[in-house]
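This report describes selected features of one protein model.

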Amino acid sequence: MAITRHALSRRREQLQDLQRYLAVLEADHDGARAKLFGFRQRYLETLGPLMRELDEIDAQLHQATALLSEALKRQGVDAPVSASQRAKAWPDVPALPDATPLPPEPTGPLTDLPPPSLKTLYRRAAMRFHPDLAPSGPEREVCEQRMMIVNEAYANSDRHRLETLLLAAGELPEKVIGGPADAVRAWLGLCEHLVQGRIRIVQAQTAVLQNLQMHQLRIAIERAETGGMRPLDIMAARLRTQIAERRQELYIGERVGSDARMAADFLRKRYQRMTGLGLG
């Protein structure tokens with residue numbers, strides 16, 4: 001099917017609109033990702049040393065309580081020990097995958113040749129398959145069979161069958177189905193498919209980024225900072241309080257081993273604090 005120059009121009013404009021929309025989506029994604037990395041760097045610079053210190057004390061405390069529990073079990077006293085808490089790793093935020101480059105636009109004249117008429121197709125098929133133009137022998141017999149098919153297709157106005165025969169015989173596509181502009185139309189269709197696929201990838205990865213807990217934390221902290229608060233400083237103060245409490249807990253845990261009753265009471269209280277569960 002032929003396509004007019006006006007239709008080609010509209011398709012090109014639509015492709016350009018898609019590409020501009022894609023560029024906006026990619027810029028938004030990359031900007032949000034850059035903000036996330038910047039926030040993570042600031043977050044870790046402010047709180048990272050305190051979080052590492054708290055993790056180290058928790059590890060020492062878990063080891064001390066495990067030793068206490070083992071000692072109590074040897075004395076016939078069952079005391080619970082909560083599992084050690086491991087710090088959660090920051091989730092990976094991968095960059096967008098490389099986009100598939102668009103193929104180059106076909107070059108050459110773009111004269112909009114309309115598809116030839118059914119009669120023209122018939123004449124071209126007759127010039128290729130007429131038995132009188134073929135040498136004698138098997139090749140002539142093949143041409144006779146094909147010419148019968150050509151005559152039948154022409155009689156039934158079966159354009160598709162004639163086109164298929166001619167293309168299979170090596171006839172140039174522009175002489176069968178239309179001008180070189182069809183190649184540009186096919187190129188536009190492929191480019192539209194590639195750009196639309198890329199748009200879906202960017203939208204999906206942006207949604208993943210926005211659903212990250214780290215992203216939600218960034219939004220909340222930046223909103224609080226805009227309101228004049230200093231949430232990172234507040235979080236740092238809480239971490240220092242937790243560090244002081246854990247140090248005191250570790251100090252007690254390392255010194256109650258000689259008293260089974262105090263050791264069991266210490267482990268129960270720690271278990272309740274760590275799990276939020278009571279013991280019957």
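Two residues are in contact here when heavy atoms lie within 4.5 Å. The model is predicted.

**Helix pair.** By the contact criterion, Ile221, Ala224 and Glu225 of helix H6 meet Pro231, Leu232 and Met235 of helix H7. The residues of this contact comprise 5 nonpolar, no polar and 1 charged. Two packed helices are described by the angle between their axes and the distance between the axes. For H6 and H7, the axes come within 9 Å and cross at roughly 115°. Angles of 65 to 115 degrees count as roughly perpendicular, and H6 and H7 are therefore roughly perpendicular to each other.

| Helix | Residues |
|---|---|
| H6 | 213-226 |
| H7 | 231-253 |

**Nonpolar cores.** The largest nonpolar core has 17 residues, of which Leu36, Leu47 and Val93 touch the most other members. Helix H1 (5-74), H6 and H7 each supply at least two residues of this core. The most comes from H1, which gives 8 residues. Leaving aside residues up to four places away in sequence, Val93 touches Arg33, Leu36, Phe37, Leu209, Leu212 and Met214. Another core, of 12 residues, lies apart from the largest one and includes Val184, Trp187, Leu188 and Cys191.

**A loop residue.** Ser157 is placed in the loop between helix H3 (138-155) and helix H4 (159-168). Most residues other than glycine have a negative phi. The phi of Ser157, by contrast, is positive, near 55°. Ser157 counts as exposed because its relative accessibility is 52%, and the cut-off for exposed is over 50%.

Notes. Residues are numbered from 1 along each chain as its sequence is written. This is a predicted model: local features need pLDDT of at least 70, side-chain atom pairs count only at pLDDT 80 or more; totals for chains, interfaces and linings use all residues. Side-chain values use heavy atoms; hydrogens and water are left out. Helices (H or I, at least four residues) and strands (E, at least two) are DSSP runs, numbered from the N terminus. Buried means under 20% relative accessible area, exposed over 50%, partly exposed in between (1.4 Å probe, protein chains only). Axes are lines fitted to C-alpha atoms, for helices over the stretch in contact, and angles run from 0 to 180 degrees between N-to-C directions. Angles under 35 degrees count as roughly parallel, over 145 as roughly antiparallel, 65 to 115 as roughly perpendicular and the rest as oblique. Ala, Val, Leu, Ile, Met, Phe, Trp, Tyr, Cys and Pro count as nonpolar, Asp, Glu, Lys and Arg as charged, and the others, Gly among them, as polar. A nonpolar core is a set of buried Ala, Val, Leu, Ile, Met, Phe, Trp, Tyr and Cys residues joined through side-chain atoms within 4.5 Å.
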